[in-house]
Amino acid sequence: MRVTVIGAGYVGLVTGAGLAALGHRVRVGEADQERVRQLSSGHVPIFEPDLDRLVRDGLGNGLLSFHRSNIEAAEGAEVVFIAVPTPERDDGAADVSIVEWVIGEVGSHLQEGALVVLKSTVPVGSAKRFQDLLDGVGANVVVLSNPEFLREGSAVADFFHPDRIVIGSKDQRAVEQMVQLYTALDAPIVVTDAVSSEMIKYGANAYLATRVTFANAMANLCEAVGADARDVLLGMGYDRRIGFHFLNPGPGFGGSCFPKDTRALVAIAEESGYDFALLKGVIEVNDEQARRIVAKVREAVGGTLDGTVVALWGLAFKAGTDDTRDSPSLRLADYLRAEGARVRAYDPHVRSVPELEMAADALDATKAADVLLIATEWGEFQNVDLGEVRDAMRGDAIVDARNLLDPGAVRRLGLRYSGVGR
Ligand code: UGA
């Protein structure tokens, strides 16, 4: 099929390169000229495992191309994916102005009968709204919802092995065409109306964020009663109705999706007259989680952070990505510095963050530090020689906000250890 993807961010790039790998002819429209230039020469400006290979394959076999003009990219396409950002507005709701702008731009250039597919996470009711907008300019197209569920760090694998594909449209022909588009993928397909499809996306992210928060709250309680949260969550997880996924306690969820989408769903609920108290509680507990980690660091250095040096391992919002958007690590760095601590950070895939002091490597970050704080669960931190860390540090405390290290091994080296929920 002839496919266009507008927006070469995480979602658009993976979708475009993935669809090209499935044999479709994909043109990607992207406003950032430099990004188009880089991508056209096979350079992927984000760290996402396997994505560069996929992009280079698509460029090599001629099925994938990048375009500075969205109109040029969209002309003659049977399916046009919209994958541009929907940032958060001040009131928590998703801002669809970029989507609106793009649809306005390409609307009158779309081929008769084309499908306009909303891939970006958009407020409930957006498909209908944009259908009305396009009907208004006389475009004979069908707008439908097809939310993306890929995770950063495993986005390419998620594209080829999705848990499900959701198609939100009441137009039979459009649904059949979408099923055809994804026919090479082996996944259950949920066909529903557009509003329900839009709700599935928010529901999935809000539920997962709630699970993580439940694990964090349980971990906090385990600390208070003297239980080991890892064992508690393991014991719970063996119940097949519960399972093990997304129950790792930590510094609170972050990233470009969970924080934004939970707040957006609260805003959607408010607009619709429903008080989503549960989800408001999740957001509150999550905000509090980073403060609890800071309290552990403060306690580890004897009650005051002023004048201390904190080594911070990990800046990405989770392992496997170089993305620091809404990262708990940055939240922690801000809080620590606000209390007068000097923070020296290291992340294997994040080279610099404005106004943050960066170390050359993990060991270098710990030099003369009073405390080491682990904020991202990078596996390579487990391979750092803790004996050398001990010798490099001025203090003797490790606060492990991801429960990455073995507390016994840390303590045997004469270091103090504090994890989450144990
Ligand atoms: C999330 C969803 O998992 C994807 O399905 C969805 O497509 C994506 O948002 C999106 O809406 O675009 P992502 O933000 O890449 O994906 O990251 P997750 O792996 O879901 O992690 C989110 C946050 O929860 C991270 O800060 C992570 O460290 C935290 N987390 C996750 C925990 O603290 N504990 C866990 O057990 C799991």
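A salt bridge here is a side-chain nitrogen of Lys or Arg within 4 Å of a carboxyl oxygen of Asp or Glu. Now some ground rules. This is a predicted model, where local features need pLDDT of at least 70, side-chain atom pairs count only at pLDDT 80 or more, and totals for chains, interfaces and linings use all residues. Residues are numbered from 1 along each chain as its sequence is written, and side-chain values use heavy atoms, leaving out hydrogens and water.

Salt bridges, then. The count comes to 31. Take D364 and R344: their side chains meet in a salt bridge, 3.6 Å from N to O. D364 lies in helix α14 and R344 in strand β10 (residues 342-346), so the pair ties together parts that are 20 residues apart in sequence. Helices (H or I, at least four residues) and strands (E, at least two) are DSSP runs, numbered from the N terminus. Are D364 and R344 buried or exposed? D364 is buried, and so is R344. Buried means under 20% relative accessible area, exposed means over 50%, and partly exposed is in between, with a 1.4 Å probe and protein chains only.

Next pair: D396 and R416. Their salt bridge is 2.9 Å, N to O. D396 sits in the loop between α15 (386-392) and β13 (397-400), and R416 sits in strand β14 (residues 416-418), so this pair also ties together parts that are 20 residues apart in sequence. D396 is partly exposed, at 31% relative accessibility. R416 is partly exposed too, at 42%. Back to R344 and D364: salt bridges that share partners join R342, R344, E357, D364 and K367 into one network.

One more bridge. D275 pairs with K280, and the closest N and O atoms are 2.6 Å apart. D275 is partly exposed, with a relative accessible area of 47%. K280 is partly exposed as well, at 32%.

On to the ligand. How many residues surround the ligand? There are 19, and the closest are F149, L150, K201, N205 and C257. A residue counts as near if one of its heavy atoms lies within 4 Å. This shell divides into 9 nonpolar, 3 polar and 7 charged residues. For those classes, Ala, Val, Leu, Ile, Met, Phe, Trp, Tyr, Cys and Pro count as nonpolar, Asp, Glu, Lys and Arg as charged, and the others, Gly among them, as polar. Helix α9 (194-225) and helix α11 (258-271) each supply at least two shell residues. The largest share, 3 residues, comes from α9.

Now the contacts. A polar side-chain atom of R402 lies 2.9 Å from an oxygen atom of the ligand. For K318, a side-chain N or O atom is 2.9 Å from a ligand oxygen. G254 uses a polar backbone atom, again 2.9 Å from an oxygen of the ligand. Taken alone, the ligand exposes 720 Å², and the protein buries 92% of that. Those areas come from the Shrake-Rupley method with a 1.4 Å probe; for residues, only the protein chains shown count as cover.

Most residues other than glycine have a negative phi. F246 has a positive phi, near 55°, and is found in the loop between α10 (229-237) and α11. A368 is not a glycine, yet its phi is positive, about 60°. A368 sits in the loop between α14 (362-366) and β12 (371-374). That's it from me.

Terms used. Polar contact = N/O pair within 3.5 Å; in protein donor to acceptor, adjacent residues only side chain to side chain.
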